[in-house]
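Welcome, and take a moment to look over the chains before reading on. We will walk through a few places together.

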Amino acid sequence: MTKGTVLVAVGTLFRLGLAAVWLVSGWLKASDPNQTFIAVQAYDVLPGGVVSVVAGAMPFLELALGALLLVGLGTRLTAVLSGVVLLVFIAAVAQSWARGLSIDCGCFGGGGQVAAGDTRYPQEIARDTGFLVMAVWLAIRPRTWLAVDGRLGGGAAEPVSGKVGT
Amino acid sequence: MGGAERSARKRRQGERVGGKPNPVTAARKSTGSRKQALIGVAVVAVIAIAVVVGVIYTNSRKDATSDGQIAAQSISLDVPARRDGAAVLVGRDSAKVTIDVYEDFLCPACGAFEKTYAGAVEQKLDAGEIKVRYHMINLLNERSDPAGYSTDSANAALLAADEGKFLAFHKSLFASQPQEGARGWSKDQLIALGKLLGITAPSFADGVNAGKYDKDIDAAYATAKSDESLWQQVGSQKGFATPTVAVNNKVIETADPNWLTNATTG
């Protein structure tokens, strides 16, 4: 197995893994919109009307990113967008931590206020950072197996990068 | 060879052959970038459609209370109910035991409490064994979408007390309790409930619209929240929560099904 093959295999795993993350988190949020509203509101960042829109849109943004990654369409762009969304999530959790709020991130459903001793900010940020690593990898090396991009021969960009000798 | 160097060489190869543009690779490159652009458009379209459809769908699920009205519940209990600041004292003067109930009309646990114990409480009120002081708490005021239902409903219930309709108003709101995180009942719908229950005074509608008792409700909540004698175990620490039930100023545990009997015999 060449180095290129290993890199493509890792990328494929990351793509499908990140797809699963988005699909599961999006589904859990979409299926309980009231709880999602409470979770977004608990961050205490956005004004009321905006909370409503963000809480309504976010689950479906996540589902869309998950579906695109699953089929491998526009992997690089989707990975970049995933990274941006994850950075926003990390920033949101970090500001809650810094301000001393006591909330659950609601990353995979749930969310809202929790007792002061029940916060899990370091774990939540670490987990999102892990997902961010996967997104960054795919943004740099979007070529993967089982992707629509590969069939179109364009989307993954630099289709030859794995094959050019060094 | 480094990646930057390699792509620089590729670019040179692609653009020029012997100083002239290479027609073959130039064509291939433009097809590639057109594909890229199309894929980009497809990605953005998928996301945009998902989000727009999702928001519309979510709002339709969350706005269940936007149509229709709060069903009026009748109540046969006939005991005095007097507003006292942001609370309403219900029951006969002769009753020896006073139970303080702190409730938010949006709080699901309060709804469950009412569902389970309202009948027994009404019996004890009717028998003259207890008085109940209902405190209108707006703890969850930010938890309706749009925010404000806790305060609006508390204010309307206090105004209903002024009109002698507190018990039926209170019962009706808990019987048609909106979900936390969803749309509550609007001021107009609260006013309509008052009319259904026979409130004719225009001061009721004016008071609901103006938020007549909002400040009293805020102040009473702040007082209750900072009163450590009312705190309960919330998660891993102690704090104020709804519902809180206190018998003769001592918080009791309503998970015990005999709490009411114990309150009147102990």
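Our first stop is A:Asp44, which follows helix 2 of chain A and has a positive phi, near 55°. Helices here are DSSP runs of H or I with at least four residues, strands are runs of E with at least two, and both are numbered from the N terminus. This is a predicted model, in which local features need pLDDT of at least 70, side-chain atom pairs count only at pLDDT 80 or more, and totals for chains, interfaces and linings use all residues. Residues are numbered from 1 along each chain as its sequence is written, while chains are lettered from A and ligands numbered from 1 in the order in which they are written.

Step back into helix 2 (residues 33–42) of chain A, and you find it mostly covered, with 10 of its 10 residues buried. Buried residues have 20 or more other C-beta atoms within 10 Å of their own, with C-beta atoms placed from the backbone. Among them are A:Pro33, A:Phe37 and A:Ala42.

Now let us see where the chains meet. The contact takes 33 residues from chain A and 32 residues from chain B, where residues touch if their C-beta atoms, placed from the backbone, lie within 7 Å. On the side of chain B that touches chain A, helix 2 (residues 23–62) of chain B gives the most, with 17 residues.

Finally, visit the strands of chain B. Strand 9 (residues 244–247) pairs with strand 5 (residues 97–103) in the antiparallel sense over four bridges; pairing takes at least two DSSP bridges. Here B:Val247 stands opposite B:Ile99. Strand 9 of chain B also forms a hairpin with strand 10 of chain B, with two residues between them.

Key: Contact = placed C-beta atoms within 7 Å. Buried ≥ 20, exposed ≤ 12 C-beta atoms within 10 Å, placed from the backbone.
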